[in-house]
Amino acid sequence: MAAQRSQTIDGLRGIAATAVIVQHCLEFTPLNKPAATMAEPLAYIFANDVNFGRFGVIVFFFISGFLIPSSIERQPRPVASFAAGRFFRLYPLYWTSIALALLVTAALGNKMPTLPQTVANLTMFQMLLGFENILYPYWTLLIEHFFYFLCVALFLVGALQSASRMRLVMFAAAAAIIVLATVLALAPGMRFARALADLMYTASFIFAMIVGHSVRLAQGKDGFRLPASGPILFVIVMVFVCVARQMLGGYAPGLSPVSVFISTIGALALFLFALRLRLFGSRAFVYTGQISYGLYLFHGIALWVAVALIGKPADLFHSTLLLVLVMGLAFVTSAITFVLVEEPFIALGKVVRRRLSRGAEAMVPVKVVAQDALRPFNAQPVSSELER
């Protein structure tokens, strides 16, 4: 049962990454018409009713909530062990994407990021430091870090693995977001409205991860169990958030409150149905999910290259060609870096976590750790366990 669930989670990752890539490719096609009317139904639906990128991101957030909290275990140095696991899982490939982005930017003759911007991006906290992301998808990684901090805090007070206490946390978070959304909807012109809207928006993403964790806590060994309160609360919260955003003037062009709501609830439905019906467990879905972090990081670079090669599409044929080229470049890059970067560093992170859990008094020599990590990969887990 656990193995099937793991394959489903990997498959969902693959779908989420593919959805994000499709969205960003579509934004370079003739379908990208924010002012489209029903005279152009596909462009109208794309601009007003569906956003594949938002759908994919929310699926990723549900998966993070489902997996990440369980990786904080009661053992010696649990917080340090958790931090080490997250560091080796996220940063090596992230830094690789920055290096590749700089190389491709220089090769294409585009404007290079400044040195301070590049250094800030190395931290993953560049937006808090007032710098732009080198690659647009980086923004979700900051949200992930906020959730990690929350998980650590809840773990330290003994709430993270308690279903009853997490239910209280979930209801309290929902109430706070609803109150904030209500205030913004009733007084959209109030002082600090923009800052409060950003807070509400960020909180709604973290709430998706909390709901994902509530789904995990409800699971037993005898099959899928659906905790009704979490999904229902999530739908209610999103109603309030989208109404508040509408009163505040909506989103950027191409992203409407309606499309956000539909895409977000669609992500919830897919997440729950996939777990219930054990969907997406085929080898193709699972492998795509295993390299999904790379797909997410590298597809923007692949898009730069594809547009440089074939230009901005003006018809269906070239739009399809763009999508195929971007998917191909991102897939090849992700497959290679999965073997050369992700797997070795994930394995290294597991070694470091094991050493920390034993309460070692001194750091293990790097050579010993590396030798342990670089054993044949057939002894390494290849599944959603990579996330832990």
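## The largest cavity

The largest cavity in this predicted model has a volume of about 290 Å³. A cavity here is a set of points, on a 1 Å grid over the protein atoms alone, where a 1.4 Å probe fits but cannot get out, and lining residues have an atom within 4 Å of a point. Grid points are joined across faces, edges and corners, and a volume is the space filled by probe spheres set on the points. Of the 16 residues that line the largest cavity, Phe60, Ser64, Leu141, Glu144 and Tyr293 come closest to its centre.

At least two lining residues each come from α3, α4 (78–108), α6 and α12, and α3 gives the most, with 5 residues. By class, the lining has 9 nonpolar, 3 polar and 4 charged residues. Nonpolar covers Ala, Val, Leu, Ile, Met, Phe, Trp, Tyr, Cys and Pro; charged covers Asp, Glu, Lys and Arg; the others, Gly among them, are polar. The whole structure holds 5 cavities of 30 Å³ or more.

## A look at α3

Let's turn to α3 itself. This helix has 16 residues and reaches 23 Å from its first C-alpha to its last, close to the 22 Å expected at 1.5 Å a residue (1.5 Å times one less than its number of residues). Of the 16 residues of α3, 15 are buried, meaning under 20% relative accessible area with a 1.4 Å probe and protein chains only.

## The largest pocket

The largest pocket has a volume of about 1,400 Å³; a pocket is an open set with protein on both sides within 12 Å along at least five of seven lines. Its lining counts 44 residues, and the closest to the centre are Arg54, Tyr136, Trp139, Tyr201 and Leu255. Two or more lining residues come from each of α1 (2–26), α3 (52–67), α6 (139–156), α8 (193–217) and α12 (292–310). Here α8 gives the most, with 7 residues. The lining divides into 26 nonpolar, 12 polar and 6 charged residues.

## The whole protein

The protein has 14 helices and 0 strands, taken as DSSP runs numbered from the N terminus (helices H or I, at least four residues; strands E, at least two). Its radius of gyration over C-alpha atoms is 21 Å, close to the 21 Å that the globule rule gives for 388 residues, so the protein is as compact as a globular protein of that length. That rule is 2.2 Å times the number of residues to the power 0.38. Of the 388 residues, 51% count as buried.

## About the numbers

Residues are numbered from 1 along each chain as its sequence is written, and side-chain values use heavy atoms, leaving out hydrogens and water. As the model is predicted, local features need pLDDT of at least 70 and side-chain atom pairs count only at pLDDT 80 or more, while totals for chains, interfaces and linings use all residues.

Methods. Buried < 20%, exposed > 50% of the residue type's maximum accessible area, 1.4 Å probe, protein only.
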